[in-house]
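Welcome, and take a moment to look around before reading on. The paragraphs below lead through the structure one part at a time.

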Amino acid sequence: MAKKPLRRLGAIVAAGALLVTAGCSGGTDDTGDGAATAAGAGDVTTVWVTAGTDDVLQASIDRWNADHAEGQIELQVFENDPYKSKLRTAVSAGEGPSVFSGWGGGGLKTYVDAGEVASLQDAYDAEPALRDRIFPSVLKGGTVDGTIYGTPYNGVQPVVIYYNKDVFEQAGVEVPTTWDETMAAVEELNAQGIAPFSVGGASRWPYLMWIAYLTDRIGGPEVFDAVVAGEPDAWKDPAIIQANTMIQELVEADGFVDGYSSIDANQGAAEALVYSGKAAMELMGAWAYSGTFLSGAPEFLEQGKLGWTTFPTVAGGTGDPANVTGNLSSYFQVSAGASDAAKANATDWLMHGVFDDTYIAELVDTGAVPPISGVEDAIAASSAPEWNAFIYETAEAAGNFQLSWDQALDAAQAEALLTNLEQVFLLQITPQEFSENMDAAAQG
Amino acid sequence: MTAHSERGAGPVRRSGPSVLLTLPALVFFATFAIVPLGAAVWLSFTEWSGLGDPTWVGLDNWRALLTTHDTGHALWLTVQLMVLTWAVQTPVSILLGVFLAGRQRYREILAVVYFVPLLLSSAAIAIAFRNLLDPNFGLFAGPGLAWLNQNWLGDPDRVFVTVAFIIAWQFIPFHTLLYQGGARQVPQSLYEAAAIDGAGRVRQFLAITLPQLRYTIVTSSTLMLVGALTYFDLIYILTQGGPGNATRILPLDMYLTGFTGNQMGLASAIAVVLVVLGMVLSLTISTASGFSRMESQLDGE
Amino acid sequence: MTTTAPTRTAPVKMIRSQPARAPHGARPNVAGGILSGLWFVIVAIPLYWIVITSVRTQQGFFGDHPLVPPSNPTLDNYRLVLENDFWRYLLNSAVVTVSAVLIIVVVGYLCAYTIVRAPGPRTRRVFNVLLLGLAIPLQATIIPIYLMIVKAGLYDNLLAIILPSVTFALPITVLILVNFLRDIPGPLFEAMRIDGASEWQTMLRLAVPLSRPAIVTVAIYDGLNVWNGFLFPLILTQSPETRVLPLALTSYQGMFTINVPAVIAAVVLSSLPILALYVFGRRQLLAGMTAGFGK
């Protein structure tokens with residue numbers, strides 16, 4: 001029932017389009033040159049990634065292409081925010097790449113369920129040395145129903161607290177390590193006219209870091225695991241309600257910079273507030289170090305004014321304070337729709353061209369830390385050894401590395417989560433209402 | 001193609017060009033407007049994530065639309081935006097249009113500036129205002145302007161008015177232009193007669209200008225109200241429907257549900273609501289305004 | 001440029017009227033004057049901010065007063081935009097706009113001409129169907145159009161923008177052209193017919209030249225809409241090769257991040273072609289924008 005009308009629709013449209021283009025004007029024929037990039041690529045293995053690791057990947061691909069005349073690889077780089085829908089539309093249109101980047105978790109699962117991703121289990125079984133070096137928590141993020149589909153390729157990106165050392169020094173305030181200290185510091189900083197936390201609220205996803213950390217600290221990873229598993233009333237867990245209550249207490253205590261809800265995280269304005277001294281701290285993923293701080297204010301980093309620390313502990317919470325949340329890594333998936341030759345070449349490259357020694361060294365140099373054990377030497381030799389060591393140790397020590405909530409959930413629930421959480425931050429709904437709304441969204 | 005046309009019929013009843021010449025337009029219209037409308041109705045009964053093919057789910061989406069999905073809110077916002085933008089734009093446009101109908105040189109120079117927003121794309125306007133209203137680095141962040149620095153886009157209670165303002169900024173020039181054209185057609189003799197009778201400025205405006213502009217008012221209002229269903233580009237870039245769902249009007253709700261939430265079926269149901277709303281609105285206005293614009297144009301002058 | 005003869009540049013009849021000096025007698029229009037002064041400020045300040053911000057350095061943007069012109073203006077922001085594929089996006093926008101307008105004018109004209117010159121129930125029905133399109137919000141059709149474009153293999157192709165854009169411009173185009181064509185006196189057509197001209201000859205030699213102002217109007221109005229269109233490019237294209245200017249603005253914002261002056265420079269550059277048109281043909285452009293709604 002479902003398929004036939006669609007086919008017919010397609011045929012009608014194709015016929016209509018043909019008629020129209022043939023009948024009206026020859027002047028449009030020269031406009032179709034853009035489409036050739038992905039579809040007509042023939043033997044070339046196409047790889048789609050979001051910006052960030054592209055230099056390292058390009059170098060790896062250049063080395064690969066030099067050695068593999070038969071298996072040329074071509075890299076295409078996209079901006080972060082529109083990437084997800086672009087990829088979905090392209091894959092759906094049959095114009096997807098041979099290899100594409102994703103964040104694992106629920107997003108990966110929808111592609112696997114739709115039969116769009118080829119298994120990497122056999123390839124990994126043939127390379128036990130690589131498999132055993134990757135952090136288990138990270139490899140888990142690329143695994144769906146016990147089968148490996150995604151292979152990590154860039155740094156682990158835990159969410160940490162960045163702070164401006166000068167601001168704390170001048171204010172005479174200690175960097176908080178517990179929630180109580182945080183609330184005290186908020187009061188102290190506000191009294192001195194400094195905004196305690198910067199947050200890119202207009203983009204909504206930075207809010208997720210707060211609820212993810214607080215929920216984990218209060219109730220441990222089991223709370224959100226139940227949500228992902230779709231258990232009834234999982235969103236109504238007391239830990240989630242308490243986490244949102246604490247968030248609202250922080251908001252009411254003026255914990256966030258004025259106008260936080262209109263700051264665009266993708267524009268780097270949230271980081272600019274920290275390095276320009278208008279705000280003291282920011283909770284943000286590890287990517288902000290090289291992504292915005294280093295590019296936006298290199299002298300600020302050179303002078304050692306940027307500090308970093310882990311999320312504060314919460315008294316009475318049952319979660320391990322060593323747990324972190326964030327992006328485990330980005331993962332490559334091999335498209336099920338690619339030609340066999342492209343699939344074989346892609347898999348070969350993923351197993352041998354990604355995470356070889358040169359790749360790791362170059363990756364570390366960009367301020368990213370690969371989720372691979374035994375790379376301490378490369379980190380010590382990198383351009384930002386302290387930062388890299390901090391991230392590496394934080395990630396390695398984490399008993400639970402919680403994937404960002406929006407990536408862990410399916411898209412419809414993630415969208416509802418972002419909207420409702422924003423309303424929590426804006427004090428428009430209560431924590432109880434949040435849980436009820438999310439519960440309804442999860443059932444729907 | 002015209003070989004079969006009959007020649008020599010009377011001047012009124014002649015066959016003229018072949019009806020087939022309307023075919024290209026009809027093909028376009030059928031392919032990209034009628035078929036999509038039908039397809040939207042069909043899709044509204046399916047579940048489709050954008051991957052794979054749609055599957056039939058019956059009334060599920062429509063049920064969700066009426067229960068779990070917050071359609072009422074989006075609909076209410078859309079209506080509010082419609083009324084607010086109309087109430088702001090109409091008086092301003094009329095007054096400006098009448099003022100600019102005068103041909104004094106300084107007014108012409110003013111007009112050159114007035115109409116610039118008309119030329120900018122919604123994307124350009126949205127991006128400019130987004131940065132201009134940034135509470136930390138924008139226009140009002142400068143010293144002495146703090147009273148204007150109000151987190152215009154981040155405060156859910158304020159963002160709606162802000163968006164309405166930016167819409168007005170973008171579209172008032174267009175409607176001003178309409179009213180300028182309308183005001184210039186008002187016969188000068190009417191004013192002269194009124195002036196002899198001793199009618200003041202306000203009286204003249206109320207008794208002559210406004211009644212004479214009634215068709216322009218209907219046209220402009222129709223465009224504004226139906227146009228309010230399509231404010232997508234601007235709000236998409238400015239707020240993405242946020243903060244929270246404070247600016248999530250129907251078209252945006254449809255986009256976010258479909259292309260971000262991957263619920264194309266539910267989004268199609270919203271689209272159908274949107275179309276029905278557009279049709280009902282157009283019909284209501286043309287009926288309520290006492291004459292059918294389309295009809296009057298069909299019959300010529 | 002405001003002194004061009006009105007007779008030459010007013011293409012559509014309802015825009016023109018008798019010139020009047022002080023139309024309402026001697027007393028000044030106080031309310032209008034105050035309002036127009038206020039509106040001038042409201043329009044001019046953002047435009048002014050856009051222009052001066054686009055020539056600021058990034059440091060200046062953080063430090064200077066936002067309303068004071070920069071002491072050291074720079075064109076680096078513009079250079080940055082131009083170096084980042086601006087020309088390609090401009091070309092894409094131009095290709096899309098020109099092809100769409102060509103198709104719209106040809107298809108729309110044939111349709112309008114037939115409706116006027118072959119009156120009858122069938123053409124009347126055609127006209128009514130097209131007018132229905134005025135009430136369809138184009139957003140509502142985007143999901144099926146997306147699906148159709150994908151199935152037709154046109155996804156991420158400039159044709160994917162052109163074809164739906166043409167469709168949604170047709171109703172208003174046909175409406176404007178029909179209104180104009182109706183006003184061409186019947187005896188002129190009659191004379192052509194008596195001279196033995198075919199219907200094609202009549203159209204090309206008589207109707208087209210006489211309706212040139214309306215065609216220009218339609219081309220301007222539709223061209224501007226297509227040029228500024230955002231939704232179709234957003235959903236139906238993805239790669240930089242097919243990116244048009246409005247969409248490029250959002251990608252520049254992602255690329256330049258906190259370098260706001262560069263983002264604003266992109267805003268200015270993307271608007272320049274239309275602004276140039278405005279400077280050189282202001283009356284024509286403005287007349288074109290409202291011509292369809294004059295009644």
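Within chain C, helix H4 (residues 76-117) has the highest confidence, at a mean of 94, while helix H1 (residues 6-9) has the lowest, at 34. The score here is pLDDT, the predictor's confidence in each residue, which runs from 0 to 100. Helices such as these are DSSP runs of H or I with at least four residues, strands are runs of E with at least two, and both are numbered from the N terminus. Over chain C the average pLDDT is 83, and 88% of the residues score at least 70. Residues 1-26 of chain C have pLDDT under 50, and for them the model has 46 contacts beyond four places in sequence. Two residues count as being in contact if their C-beta atoms, placed from the backbone, lie within 7 Å. For the complex, the predictor gives an ipTM of 0.85 and a pTM of 0.81.

A word on how to read all this: the model is predicted, so local features need pLDDT of at least 70 and side-chain atom pairs count only at pLDDT 80 or more, while totals for chains, interfaces and linings use all residues. Residues are numbered from 1 along each chain as its sequence is written, and chains are lettered from A and ligands numbered from 1 in the order in which they are written.

What does its secondary structure come to? Chain C has 14 helices and 0 strands. Of its 295 residues, 53% are buried, where buried means that 20 or more other C-beta atoms lie within 10 Å of a residue's own, exposed means 12 or fewer, and partly exposed is in between, with C-beta atoms placed from the backbone. Among the contacts in chain C with a separation of 6 or more, 77% join residues 24 or more positions apart. One residue to look for is C:Asp85, found in helix H4 of chain C. C:Asp85 has a positive phi of about 65° although it is not a glycine, and it is partly exposed, with 18 other C-beta atoms within 10 Å.

Now turn to where chain C meets chain B. This contact takes 93 residues from chain B and 98 residues from chain C. On the chain B side, helix H1 (residues 23-43) provides the largest share, 12 residues. By class, the side of chain B that touches chain C has 65 nonpolar, 23 polar and 5 charged residues. In this grouping Ala, Val, Leu, Ile, Met, Phe, Trp, Tyr, Cys and Pro are nonpolar, Asp, Glu, Lys and Arg are charged, and the others, Gly among them, are polar.

Two packed helices are described by the angle between their axes and the distance between the axes. The axes of H1(B) and helix H6 (residues 142-151) of chain C come within 8 Å and cross at roughly 105°, so H1(B) is roughly perpendicular to H6(C). Axes are lines fitted to C-alpha atoms, for helices over the stretch in contact, and angles run from 0 to 180 degrees between N-to-C directions. Angles under 35 degrees count as roughly parallel, over 145 as roughly antiparallel, 65 to 115 as roughly perpendicular and the rest as oblique. Which residues make the contact of H1(B) with H6(C)? H1(B) brings B:Phe32, B:Pro36, B:Ala39, B:Ala40 and B:Leu43, and H6(C) brings C:Ile143, C:Pro144, C:Ile145, C:Leu147 and C:Met148. This contact has 10 nonpolar, no polar and no charged residues.

Chain B itself is assigned domain 1 (34-68 + 261-291) and domain 2 (73-249), with bounds that come from an automatic or database domain assignment. Their C-alpha centres lie 30 Å apart, and 7 residues of domain 1 of chain B are in contact with 6 residues of domain 2 of chain B.

Finally, visit chain A, which has 23 helices and 14 strands. Buried residues make up 54% of its 444 residues. Chain A is divided into domain 1 (5-155 + 329-373) and domain 2 (157-326 + 403-442), whose C-alpha centres lie 31 Å apart. Between these domains of chain A, 13 residues of domain 1 are in contact with 13 residues of domain 2.
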